[in-house]
Amino acid sequence: MNPVPFYVAATNRRWFNAARRFVGAFAHAAADDPTAQTTMTCDVRAVDASYVRSAIATANQTAKHANGQGFVLWEMNAANSSAVSLSIAQVAVSHHDVLQFVAIDRSAGAPLAATPPVGTWSYQLRLMIQELGVAMIADRPEDLVQVARIVQQRLLLSHDKKVLPFSQSERITSPSAPKVP
């Protein structure tokens, strides 16, 4: 099975390097079961935010990864929040099998005096992002450890479904249960 693409749409290498460390090929230290990464891995790729949808569509057509799924980490700051929100919504509609994450960057786009503390940074923006259906909002690169766990759980679930489809698993779990047509 080919690695599942994990796209990082960021303006600098900070989030990309963190994603490679925690989610990509170097993620064995963050995994609960390091041996599981030999069969299910992510290919972390940096991509311009305007090309994310076409990269997902191309990957879904050419690769034979688990159920056509993928992952996107969007870097969001005060200057690009509306454009990234629109992109998140577009990906959610056109590629519903792609799990999306947001990395909030406080350093770009806003003067220091306008940047609230970590716990209160743009509470309304966080609510709007969550309504778009992102899986997690990361404040620091270290938060990608939790992203890696979510990614691995998603890959394990898709791997289990590939081995035994859901409709068949319902029939097998209880031998005395009536047959489902």
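This is a predicted model: local features need pLDDT of at least 70, side-chain atom pairs count only at pLDDT 80 or more; totals for chains, interfaces and linings use all residues.
Biologist: Which other residue does Arg-140 meet in a salt bridge?
Modeller: Asp-143, with 3.2 Å from N to O between the side chains. Through shared partners, Arg-140, Glu-142 and Asp-143 are joined into one network.

Biologist: Is Asp-143 buried or exposed?
Modeller: Asp-143 counts as buried, because its relative accessibility is 10% and the cut-off for buried is under 20%. Arg-140 is partly exposed, with a relative accessible area of 46%. Glu-142 is partly exposed too, at 46% relative accessibility.

Biologist: And which residue does Arg-45 bridge to?
Modeller: Arg-45 bridges to Asp-43, and the closest N and O atoms there are 2.8 Å apart. Arg-45 is partly exposed at 32% relative accessibility, and Asp-43 is partly exposed at 29%.

Biologist: Why would such side chains pair at all?
Modeller: In general, side chains of opposite charge can pair when their charged atoms come close.

Biologist: Changing topic. What is the overall layout of helices and strands in the chain?
Modeller: The chain has six helices and five strands. Along the sequence they follow the pattern β-α-β-α-β-α-β-α-β-α-α.

Biologist: How much of the chain is buried?
Modeller: Buried residues are 41% of the 181 residues.

Biologist: What about contacts between residues 24 or more positions apart?
Modeller: Taking the contacts with a separation of 6 or more, 75% are between residues 24 or more positions apart.

Biologist: Where does Val-23 sit?
Modeller: Val-23 is in the loop between α1 (13-22) and β2 (42-46). At 2% relative accessibility, Val-23 counts as buried.

Biologist: Which residues does Val-23 touch, leaving aside neighbours within four places in sequence?
Modeller: Its contacts are Phe-6, Ala-18, Cys-42, Val-44, Leu-144, Val-147, Ala-148 and Val-151. As for Cys-42, its C-alpha is 6.8 Å from that of Val-23, with the two residues 19 apart in sequence.

Biologist: Next one, Asn-80. Which loop is Asn-80 in?
Modeller: Asn-80 is in the loop between β3 (70-76) and α3 (81-94).

Biologist: Buried or exposed, that Asn-80?
Modeller: Asn-80 is buried, with a relative accessible area of 18%.

Biologist: What lies 2.7 Å from a polar atom of the Asn-80 side chain?
Modeller: The backbone nitrogen of Asn-77 does.

Biologist: Last topic, helix packing. At what angle do α2 and α3 pack?
Modeller: Helix α2, residues 52-62, packs with α3 at about 25 degrees, and their axes are 10 Å apart. That makes the two helices roughly parallel, because angles under 35 degrees count as such.

Biologist: Is the crossing of α2 and α3 left-handed or right-handed?
Modeller: The crossing is right-handed.

Biologist: Which residues meet across α2 and α3?
Modeller: From α2, Val-52, Arg-53 and Ile-56; from α3, Gln-90, Val-91 and Ser-94.

Definitions and conventions:
Residues are numbered from 1 along each chain as its sequence is written. Side-chain values use heavy atoms; hydrogens and water are left out. A salt bridge is a side-chain nitrogen of Lys or Arg within 4 Å of a carboxyl oxygen of Asp or Glu. Buried means under 20% relative accessible area, exposed over 50%, partly exposed in between (1.4 Å probe, protein chains only). Helices (H or I, at least four residues) and strands (E, at least two) are DSSP runs, numbered from the N terminus. Contact means heavy atoms within 4.5 Å. A polar contact is a pair of N or O atoms within 3.5 Å; within protein, one must be able to donate a hydrogen and the other to accept it, and residues adjacent in sequence count only if both atoms are side-chain atoms. Axes are lines fitted to C-alpha atoms, for helices over the stretch in contact, and angles run from 0 to 180 degrees between N-to-C directions. Angles under 35 degrees count as roughly parallel, over 145 as roughly antiparallel, 65 to 115 as roughly perpendicular and the rest as oblique. A crossing is left-handed if the near helix is turned anticlockwise from the far one by less than a right angle, and right-handed if clockwise.
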